[in-house]
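Hi there,

Here is the structure I promised to pass along. Have a look, and my notes follow below.

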Amino acid sequence: MTTTNQPPAPFAQPNGQTPENAMPMFYSAPRPLDRARDTNMRLSRPTHFRFAAKTNAIPLLVDEFPMAAAYYPIVFAAGPMPIPAAVVGLKNDTNLFLDGQGRWLNGAYLPAYVRRYPFILMDDPEQKQFVLCIDDTTDMLSETGEYALFENGEPSPFTKSAMEFCAALRQQGDATDEFVKALKEFDLLMPNDAQIDLRDGTKLQLSGFLVIDPKKFDALPDNIYLQWRKKGWIGLIYAQLLSSHRWQNLVDLTQPGK
């Protein structure tokens, strides 16, 4: 039995942008925070991550490569601007790193894209600035939550911290774009279909993603290699290459104990 799966498309960009203005992944109804509307609203810490249950790949920032590579295969979603992602499942609608209660598996690295939810920075074309938004459908938002969004009509320390975190992710998103553009410029990304053989005889064929070509990386001109080393990119490349060994993690999670 062979099943063909592709990483979900479109991916949301880690900095909040999405291809063709598609809704960011995980978000159903993002809206700007509003002093009047949200003056009594509070946010609780997540008790589950079920909002991330229906995906098999989560966007990554370059700063996350070393931590993510210890748990997930790192790939690049194919497209005009390939997007780094951690593969968390072997089927499009299955996140193997969630348990039956929607908790992330203990000890596994939790990507920043997940930690950011339900906040997100989005563009405001009229004001020509970024606006802190929140997903209006999240069950973390209520009048009885742990952290106030506003205090005395001003953003609370909690909200300011969320804004700083989202802004930092946007900056890291720009650094991620620069890295990916360099990989494309030197033609280091190649399509790579993965065939996964499960213990019950099922064969899963995953396609639609790119990985770094180790032969082309080895042939990189010395002056470019040195430039990339100064930028910290060489370690990122090795992290992606080494993460290919993590496909077995997904097989083990698909059929635990067999």
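F49 and W104 are both buried (under 20% relative accessible area with a 1.4 Å probe, protein chains only; exposed is over 50%, and partly exposed lies in between). This is a predicted model, where local features need pLDDT of at least 70, side-chain atom pairs count only at pLDDT 80 or more, and totals for chains, interfaces and linings use all residues. Residues are numbered from 1 along each chain as its sequence is written, and side-chain values use heavy atoms, leaving out hydrogens and water.

The whole structure holds 18 aromatic pairs (Phe, Tyr or Trp rings, for Trp the six-membered one, with centres within 6.5 Å; planes under 30 degrees apart are stacked, over 60 edge-to-face, the rest tilted). For F49 and W104, the ring centres are 6.0 Å apart and the planes at 85°, so this pair is edge-to-face. Ring pairs also link F26, Y27, F49, F51, W104, Y113 and Y117 into a cluster.

W228 and W233 are buried too. Their ring centres lie 5.6 Å apart with planes at 70°, so they are edge-to-face.

These two tryptophans also bring us to a pair of helices: Y225, W228, R229 and K231 in α5 meet W233, I234, I237 and Y238 in α6 (contact means heavy atoms within 4.5 Å). Helices here are DSSP runs of H or I with at least four residues, strands are runs of E with at least two, and both are numbered from the N terminus.

Enjoy exploring it!
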